[in-house]
Amino acid sequence: MTDISPHQDTPSQGGAPHGSNGHGNAPARLGYSPVADIPHKPRATDTDPKAARRAERQVATMFLLSMLFVVLFVVAYIAIDPTAVVYIPVLGAVGASNVALGFTMGMAILLVGTGAIQWAKKLMPDVEVVQDRHDMSSPKRASAEAEANYERGKEESGFARFRLIRRTLIGALVLFPIPLVVMLRDLWTPDEFTKGKSPADLLSTTLWAQGTRIISDGTYQGSHGGEDSGGEVAGEVEASEDSVAFRPIRPEDLPVGGLIAAIPADLPEVEELEGNFNARGKAAIILVRMEPDEIRSQQGEGWDYQGILAYSKICTHVGCPIALYEQRTHHLLCPCHQSTFDLADSGNVVFGPAARRMPQLPIGVDEEGFLVAMSDFQEPIGPSFWERG
Ligand code: FES
């Protein structure tokens, strides 16, 4: 139907006839809005009973197909081996069960939704209605009363009359938040180790400096140089009985594929003086060794020593200490939330919630052949919010 005609009466509109403007002669039935007095183009299903029945069958078919897909979902869940794999172009090899369950559930939902839309578009009432917007302003009397209340308060308090009081009150209120800001300073109480350093300095520097010796971390015990079982995931290459605590490390102490937890040589003394582990929380590192040609990139040129790389031990997500190292892939895995860092590729994040790569410490050897740092870290260690702050 292509003719434009005034609305016809629509029973669902409660008898408000098309052609009445909804504002006057024919009030709308309770729960219905008045029909707008504008030209209306009826749909085929409004004028042709056959078209209406066809639309009804389409909608019902979609709902029936939706039921069928729900049944297929249950069948797929029971019948398909969860380990079976199918090849799908573009996606590659994917789990057959996942594909079947996803497809059937998706189709079931899609068909219910499409059927509902079709029902609304073709069979539900098709009318333009009018709904008046409510008056947004307050009644005049309420506005006048509020204004009078304000004037009475101003008059009775003398706010306008006592200029001195008004000005000093404003001054007092402006200064009031200052103590709250000043008290923030208590968050950082300088002691003999932190005096003269700003909080920013303290957060962005560690004990590492050029020439600082790297020593094995005395917080773990064991036998040195062991490979993990199966050679897949390496925990720390544990210090030998004769090299347990705080021992300087030579390059030959670390085999290819191994990992040693280490700290700066002056850390034990600093910890004893400070009586806390704050310095360790920033300076702890791991040393890993790989064949030099396996190193794809580093954070600075020549920051390794003969394939030995030093990285912070503190996860850049929320700061867990990490020492789970997979020798074959050179991935370092954080046990807390599974962030994974590729130590052969600048410590970049390859998986997990960490937003920032693992900071690398440049290393070399001193004249006695022990591993030393060549500088402090060049970027903040620990959780990423240091960087954003
Ligand atoms: S602390 Fe390492 S992934 Fe969350």
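**Exercises: strand β8 and its sheet**

β8 and strand β9 (residues 308-312) pair in the antiparallel sense over five bridges. Helices (H or I, at least four residues) and strands (E, at least two) are DSSP runs, numbered from the N terminus; two strands pair if DSSP finds at least two bridges between them. The model is predicted: local features need pLDDT of at least 70, side-chain atom pairs count only at pLDDT 80 or more, and totals for chains, interfaces and linings use all residues. Residue numbers start from 1 along each chain as its sequence is written.

**Exercise 1.** Determine whether the faces of β8 are covered.

*Solution.* Apply the cut-offs: buried means 20 or more other C-beta atoms within 10 Å of the residue's own, exposed 12 or fewer, partly exposed in between, with C-beta atoms placed from the backbone. In a regular strand, side chains alternate between the two faces of the sheet. On one side, Ile285, Leu287 and Arg289 are buried; on the other, Ile286 and Val288 are buried. Five of the five residues of β8 (residues 285-289) are buried, so the strand is largely enclosed by the rest of the structure.
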